[in-house]
Amino acid sequence: MILEQQVFNVKGMNYSIRSAEENDAGELSSLRVQIDGETENMDREQGEAYIDEAGFAGIIQVDAQKARNLFLVAVVQGRIVGYARCEGVDLQRFAHKVEFGVCVAREFWGYGIGKKLLEISIHWADTTGVEKMTLNVLGTNDKAVELYKKVGFEVEGIMRRDRLHADGKFYDTIVMGRFRSQA
């Protein structure tokens, strides 16, 4: 699905959020690798599960056509600095829900970009009839868990020792869900 661009100003920084376009694919490929190397909060280590420009172009094309998919980018001075994605599935028994994910380059943390991507995604989901949004978050990412709770997500479960990080330690994954009818 395609959404119109929205413009925001936070702490003196202007940024916009809009639907991803196919010509964003190369920049998104690079940004994903960058962000994976900036934080332990992502599912991947830097360079893992690499998606090249053509791969991102395909994802953007599919998401633009599917009513249950949404791909947003955050742009500062013509540069993509973050993105969020909601992905539904074609299976009838799961057609009522989407999975949400978000990431923002470390340089742009603290400007509410991730929160705004989340809020726009929630509004889209609520207005298009999505009944449930789900997400997974690293168990030690307290700031993200609190943000998700503030906007109506609840903890549905914890996958213990779900992730093994480069530090040799196991980490839990928190599974969260938000129901439109309870929001």
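Modeller: A word on burial before anything else: a residue is buried under 20% relative accessible area, exposed over 50% and partly exposed in between, using a 1.4 Å probe and protein chains only. Helices (H or I, at least four residues) and strands (E, at least two) are DSSP runs, numbered from the N terminus. What you're looking at is a predicted model, so local features need pLDDT of at least 70 and side-chain atom pairs count only at pLDDT 80 or more, while totals for chains, interfaces and linings use all residues. Residues are numbered from 1 along each chain as its sequence is written, and side-chain values use heavy atoms, without hydrogens or water.

Let's take helix α4, which covers residues 142-150. Its buried residues are Ala144, Val145 and Tyr148. They sit on the same side of α4 because they span an arc of only 100° around the axis, going by the directions from the helix axis to the C-beta atoms.

After α4 comes glycine 152, with a positive phi near 105°.

Tyr148 turns up again in the largest pocket, as one of the residues closest to its centre, along with Met42, Gly101, Val102 and Cys103. That pocket has a volume of about 1,200 Å³, and 40 residues line it. A pocket here is an open set of points on a 1 Å grid over the protein atoms alone, with protein on both sides within 12 Å along at least five of seven lines; a cavity is a set where a 1.4 Å probe fits but cannot get out, and lining residues have an atom within 4 Å of a point. Points are joined across faces, edges and corners, and the volume is the space filled by probe spheres set on them.

The largest share, six residues, comes from β5. Sorted by class, the lining has 22 nonpolar, eight polar and 10 charged residues. For that sorting, Ala, Val, Leu, Ile, Met, Phe, Trp, Tyr, Cys and Pro are nonpolar, Asp, Glu, Lys and Arg are charged, and the others, Gly among them, are polar.

Met42 leads us on to the second largest pocket, where Met42 is among the residues closest to the centre, together with Glu40, Asp43, Arg44 and Glu45. This pocket has a volume of about 200 Å³ and 14 lining residues. Here α1 and β7 (154-164) are the elements giving two or more residues to the lining. Its classes come out as three nonpolar, four polar and seven charged.

Lysine 132 has phenylalanine 179 in β8 as its bridge partner. Further along β6 is threonine 134, which counts as buried because its relative accessible area is 14%. Beyond its neighbours within four places in sequence, threonine 134 touches Lys97, Val98, Glu99, Phe100, Met176 and Gly177.

Strand β8 also pairs with β7, again antiparallel and over seven bridges. Leucine 164 faces phenylalanine 170 in β8, while glycine 157 is opposite valine 175. Five residues lie between the strands of this hairpin, and glycine 168 in it has a positive phi near 85°. Also in β7 is methionine 159, partly exposed at a relative accessible area of 33%. Apart from neighbours within four places in sequence, methionine 159 is in contact with Asn136, Tyr171, Asp172, Thr173 and Val175.

One last stop, away from α4. Glutamine 77 has a positive phi of about 45° without being a glycine. You'll find glutamine 77 in the loop between β3 (70-76) and β4, and it counts as exposed because its relative accessibility is 81%.

Definitions and conventions: Pairing = 2+ DSSP bridges. Contact = heavy atoms within 4.5 Å.
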